[in-house]
Amino acid sequence: MTALADESPALPLAEGDQLAVDGLLLRVRASTRRKRFALTVEPDASLTLHAPEGRPSAEAADFVRAHRAWVMSKIGVRERTRPLNPAKRLIEGEVFRYLGRTYRLKVSNDVPDAGRVRLIAGRLVLGKAEAEDPDRGRAVLVDWYCRAGRSWVEGRLQPWAARMAVSEPALEVCDLGKRWGSYRPGDSEHSVGRMRLGWPLFQLPMHLVDYVIAHELAHVRVPGHRGDFWRLLGRALPEFEVRRTELDELGRRMWMGKIAEV
């Protein structure tokens, strides 16, 4: 592969080259049957230049510069619409998040406890049999997030409930789809309600998990999202608006359970 920079205007274009033009990097697809230049902005926002084989890179660079406004507008569209929730591969070294920190996956032949994932010495240890079966691998990873998340929240729930002067609900960590949390009142005035937290939540930093906990606890006293709900949440967590904005942005980038094909 030849890298054709701006300062190499005379070099002819060939299949597989890369062309750098004013900060843009383009993959070259060259063909003897092509008569004109063309540009493609790929779904991942990378750029492809379709070119007649053997044409000087200077001509290609001029073509790119003439269409720069179009390229930048298309890149913007791709960036705004690109799916942000990544798929994960069940391979050695894949990165997973827990409470804002990153941990790499270790695939091991020696995993007791029916293939359960464990966090050992800063690595998430997954059994080889589970790594080779995407459905099983996903299931044991989600199970680990549920177990680890529930264990962590059990130490946070009572202080937050006391801070907000509400009764402590029953707790469940499970798959809620795209929701971070939910609260359901008890069946009677004497029974406690149930807070459910989605397992992907526990990839986020602790202060954002705390925001979701406080948000759902506010529903113990106020159903819906009327003004008095936000006032209650604001008294317990004055910076809730900043955290809500951060959750909206960072949450779009979390793993939601999709396994990529290797």
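**Reading aromatic pairs and burial**

Biologist: Is tryptophan 144 buried or exposed?

Modeller: Buried means under 20% relative accessible area, exposed over 50%, and partly exposed in between (1.4 Å probe, protein chains only). Tryptophan 144 has a relative accessible area of 6%, so it is buried. This is a predicted model: local features need pLDDT of at least 70, side-chain atom pairs count only at pLDDT 80 or more, and totals for chains, interfaces and linings use all residues. Residues are numbered from 1 along each chain as its sequence is written, and side-chain values use heavy atoms, leaving out hydrogens and water.

Biologist: How many aromatic pairs does the structure hold?

Modeller: Rings of Phe, Tyr and Trp (its six-membered ring) pair if their centres lie within 6.5 Å. Planes under 30 degrees apart count as stacked, over 60 as edge-to-face, the rest as tilted. The structure holds 9 such pairs. In one of them, tyrosine 98 and tryptophan 144 have ring centres 5.1 Å apart and planes at 65 degrees, so the pair is edge-to-face. Tyrosine 98 is in strand E6 and tryptophan 144 in helix H5, 46 residues apart. Helices (H or I, at least four residues) and strands (E, at least two) are DSSP runs, numbered from the N terminus.

Biologist: Which residues do ring pairs link into a cluster?

Modeller: Phe96, Tyr98, Trp144, Tyr145, Trp199 and Trp255.

Biologist: Which residues does glutamine 203 touch?

Modeller: Contact means heavy atoms within 4.5 Å. Not counting residues up to four places away in sequence, glutamine 203 touches several residues, including Tyr98, Tyr145 and Trp255. Glutamine 203 is buried, at 3% relative accessible area.
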